[in-house]
Amino acid sequence: MIVTVETPDTTDVAALLAVHEALMRDQTPAESCHVRSADDLRAANGQVYTLRSETGALLAIAALVPLSATHEELKSMHTARAARGRGAGRALLDGMISDARSRGVTRISLETGSGPEHDAARALYAKAGFSETAPFADYPDDPLSTYMTRAF
């Protein structure tokens, strides 16, 4: 599996970002939904990461959006249904962390849902060294959100 930075305009990347955005909007009330579209990620100078198989099939996507010179936010992490349960999410997360470190980033934070539909995501982040934290950036205190961070 190969982690790379790609443009959100790549056809399959844009399609998987759209799947993720629709799912998040379907699962979360509008006032608690913090998903970003491909356009939002681009406008925020986000880097979109992909995980592809050796044959080039898109397995997972995510983005890092700068909050400061050394602090970034993990956004839009999504593993394609066919790739779930095979370590794709962890491989992508590890690759992103490695890239962030190489660029001088010392902290990554994220917001994810607090409900059972987000249990797998929270478990993945916890296994990767993220711990729960208070809301960061301009996020409100919201019972439907879980905030996590990892310093390195």
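Two strands pair if DSSP finds at least two bridges between them. Strands themselves are DSSP runs (E, at least two residues), and helices are DSSP runs too (H or I, at least four residues), with numbering from the N terminus. The model described here is predicted, so local features need pLDDT of at least 70 and side-chain atom pairs count only at pLDDT 80 or more, while totals for chains, interfaces and linings use all residues. Residues are numbered from 1 along each chain as its sequence is written, and side-chain values use heavy atoms, with hydrogens and water left out.

An open sheet of 7 strands was found. Its order is β1-β2-β3-β4-β5-β7-β6, and its pairing is mixed. The edges are taken by β1 (2–6) and β6 (131–133). Each has a single partner strand, so one side of each is left without a neighbour in the sheet. Neighbouring strands of this sheet are turned by 35 degrees against each other on average, direction ignored. The axes behind such angles are lines fitted to C-alpha atoms, for helices over the stretch in contact, and angles run from 0 to 180 degrees between N-to-C directions.

Strand β2 (residues 47–52) pairs with β3 in the antiparallel sense. The pairing spans 6 bridges. Within it, V48 stands opposite A63 of β3. Strand β3 is also joined to β4 by 6 bridges, and these two strands run antiparallel. Together, β3 and β4 form a hairpin, with 4 residues between them.

Strand β4 (residues 71–79) then pairs with β5. Here the sense is parallel, over 4 bridges. E72 has I108 of β5 as its bridge partner. L74 is likewise bridged to L110 in β5.

How many residues of β4 are buried? The count is 9 of the 9, so β4 is largely enclosed by the rest of the structure. Buried means under 20% relative accessible area, exposed means over 50%, and partly exposed lies in between (1.4 Å probe, protein chains only). Strand β5 is also largely enclosed, because 6 of its 7 residues are buried.

T112 lies in strand β5 (residues 107–113). T112 counts as buried because its relative accessibility is 8%. Contact means heavy atoms within 4.5 Å. With neighbours within four places in sequence left aside, T112 is in contact with H118, A121, R122, Y125, L144, S145 and T146.

L58 belongs to strand β3 (residues 58–66). Its relative accessibility is 15%, so L58 counts as buried. Not counting residues up to four places away in sequence, L58 touches D12, V13, L16, T50, L51, R52 and A80. L58 and S98 are 40 residues apart in sequence. Their C-alpha atoms are 20 Å apart in space.

H20 sits in helix α1 (residues 11–27). At 7% relative accessibility, H20 also counts as buried. Residues up to four places away in sequence aside, H20 touches V35, S76, M77 and H78.

Helix packing was examined next. Two packed helices are described by the angle between their axes and the distance between the axes. For helix α3 (residues 88–102) and helix α4 (residues 119–127), the axes come within 11 Å and cross at roughly 45 degrees. That makes α3 oblique to α4. Angles under 35 degrees count as roughly parallel, over 145 as roughly antiparallel, 65 to 115 as roughly perpendicular and the rest as oblique. The crossing of α3 and α4 is right-handed. In a right-handed crossing the near helix is turned clockwise from the far one by less than a right angle, and in a left-handed one anticlockwise.

Which residues of α3 and α4 meet? G89, R90 and L93 in α3 meet L124, Y125 and K127 in α4. The residues of this contact divide into 3 nonpolar, 1 polar and 2 charged. Ala, Val, Leu, Ile, Met, Phe, Trp, Tyr, Cys and Pro count as nonpolar, Asp, Glu, Lys and Arg as charged, and the others, Gly among them, as polar.

N45 is not a glycine, yet its phi is positive, at about 60 degrees. N45 is placed in the loop between α2 (38–43) and β2. N45 counts as exposed because its relative accessibility is 61%. A137, a residue other than glycine, has a positive phi near 50 degrees. A137 is placed in the loop between β6 and β7 (145–151). With a relative accessible area of 61%, A137 is exposed.
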